[in-house]
Structure formats: structure tokens, C-alpha cells
Amino acid sequence: MATCPTCSKSVDEVEDPGAAPYGNFINYYTFNPPENRLSLIPATLLRDLGHNDSREEDTLILDVGCNSGELSVAFYKHVVSDLTPPRRKVHLLGFDLDEKLIRRAQQTSPEHSNITFMHLDITQDTKQLQDYLRQHCCTHFHLCLCLAVTVWVHLNHGDSALLQLLSHLASISKHLLLEAQPWKCYRSAARRLRKLGRSDFDHFKTLKIQGDVAIHLKEHLEKHCGMQLIQSFGSTSWDRQLLLFRRT
Ligand SMILES: C[S@@+](CC[C@H](N)C(=O)[O-])C[C@H]1O[C@@H](n2cnc3c(N)ncnc32)[C@H](O)[C@@H]1O
């Protein structure tokens, strides 16, 4: 039986993970369908976070590392369906460093005019996010999703890049929903690369942030980014917590 490429739990069939060193698996949602996370996230989330309170602004959601967009679209429908009738529009911007995945996302969700997908590597350039905010006359995203992305930024770019990513997301978001992969996923990802005869991830051996990664990230967000953990939606079947932070 094949295993999940990041945590080694069983799944039916997966892509050669060595070909996806950034977690850019082309069939990710066949082994981690949106429902796995959505079943933990209340459909009332936007209302609970104060959407519809503002008469001034639309609500903006950012999805970091959105892969082929299936979770982005399902998440959008999940939380927007609860807003009847919505007083303000809800827009979602998903981005990913993999251009092919973004093209697929754009092709599969053309009917949603409020959902946009763009090609962007968050470790390289963030100007497009500022442009998007400006276009919508907003200073921040109301909710940022950072789901199953941290391990890839961490392994490929190191401790400081991971902390910078969180600091940056905190600076442009009012709320952050974080799903950090636990340490066992790092070991599995590194082991797999070695098995394939490839050189190790650039930073794996020198990472100082280890062990309970989610706790380290929570501490960083609370001590250095002006964010506070306000809710945990529990853990997924892959033992990953879904943590909701709010800018204080
Ligand atoms: C395991 S998938 C998770 C997809 C989605 N967030 C979810 O949870 O369903 C990780 C995604 O993060 C993307 N990614 C990794 N590093 C990135 C970066 N620096 N900038 C943008 N996307 C990145 C990968 O291309 C991949 O599609």
C-alpha cells in the first residue's frame, strides 16, 4: 500500500513524491480530500470572525500554497454557504509556486468569479499580494489559510524563512488558520528523497526548529507577530492540528 508523501500514513496511490520537492503533488486531493479538513472547520467561520459586521469592506481570504485549488474552492463554498444572504462579497485568492497546478486550478473553477488563482512563490515575491489588496481597497486579508505548507518552506529554505513566512502572513492578515506538519513528516520527506538517490533537502540537517513544530510556530506568532491563538479545531486524521490565530 502506498503512503501519504508527508506523513507516511496509508493512502491508495500517490504520485512519485521525489518529483514534488515543494509538496507540489499533482494528485494531492485524491489522498487528502478537502473533506478531511472541512469536517473540522465550522461552516459558520466567517460569521464567527465578524464577516457581515462591516458595511464598508468585502471579505478577502488568502490561500497559501493552494495546489490545484480543490480545497480552496471547497473551503469557499463551505464558509460562504452559511452567509444567507451575504451582505458583503467574499473573495478568495489562492496562490502556488507550481505553475501547472495553478493552470489546473484556473481551468477547473472558471464559474467562480470571486475566486482567483495566481502563480507565486511566497519566499521570493509578495508584491502581487499587495496589488491584490489594493485592487480590493483593503489593507489586509480577513482570513489567511496556511495549510500543509510549512514543512516545504522549512525544508527548502530553513528556519528563518519559515519564521519570516509567518511574520509576513501575520502582517497582512487579521486571522490565520494554520496547519503545520509535525516533525515525523520532515523525517519521512527526507528519507524518501534519500531512497530516490537524491540529495537531501538543503536545510534538513541544520534546522533548529524541531520537535513540536506547531508549538514553536505558535510561540513565534504570539511573541513576535502580535497574534494570539483563539481556537483549535482539533486534529486531522494525519495528526495535524488546525489552529486559528487572531491579530491582537
Ligand atoms: C501539500 S500541498 C498543500 C495544498 C493545500 N494548501 C492543502 O492543504 O490542501 C503544499 C503546497 O504548497 C506549495 N508551496 C510550497 N512552497 C511554496 C512557496 N514557497 N510558495 C507558494 N507555494 C508553495 C506546493 O507547491 C504545494 O502545492
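How are H8 and H10 oriented to each other? Let's start there, and keep in mind that this is a predicted model.

So, helix H8 covers residues 159-172 and helix H10 covers residues 213-224. They pack at an angle of about 45°, and their axes sit 10 Å apart. That angle is why we call H8 and H10 oblique to each other. The crossing of the two is right-handed. On the H8 side, the contact comes from Leu162, Leu163, Leu166, Ser167 and Ala170, and H10 brings Leu217, His220 and Leu221. Sort those residues of the H8 and H10 contact by class and you get 6 nonpolar, 2 polar and no charged.

Okay, next pair. Helix H7, residues 150-157, packs with helix H9, residues 183-195, at about 55°, with their axes 10 Å apart. H7 and H9 are therefore oblique to each other, and their crossing is right-handed. Here H7 puts in Thr150, Val151, Trp152, His154 and Leu155, while H9 answers with Tyr186, Ala189 and Arg192. By class, this contact of H7 with H9 has 5 nonpolar, 2 polar and 1 charged residues.

Now the ligand. There are 22 residues around the ligand, and the closest are Tyr29, Arg37, Gly65, Asp96 and Leu147.

Which atoms of the ligand do the polar side-chain atoms of Asn67 and Asp121 lie by? For Asn67, it's an oxygen atom of the ligand, at 3.0 Å. For Asp121, it's a nitrogen atom, at 2.8 Å.

Note on methods. Residues numbered from 1 in each chain as written. Predicted model: local features only at pLDDT ≥ 70, side-chain atom pairs only at ≥ 80, totals over all residues. Heavy atoms only, no water. Axes fitted to C-alpha atoms, helices over the stretch in contact; angles between N-to-C directions. Helix = DSSP H or I, 4+ residues; strand = E, 2+ residues; numbered from the N terminus. Parallel < 35°, antiparallel > 145°, perpendicular 65-115°, else oblique. Left-handed = near helix turned anticlockwise from the far one by under 90°. Contact = heavy atoms within 4.5 Å. Nonpolar A, V, L, I, M, F, W, Y, C, P; charged D, E, K, R; others polar. Near = heavy atom within 4 Å. Polar contact = N/O pair within 3.5 Å; in protein donor to acceptor, adjacent residues only side chain to side chain.
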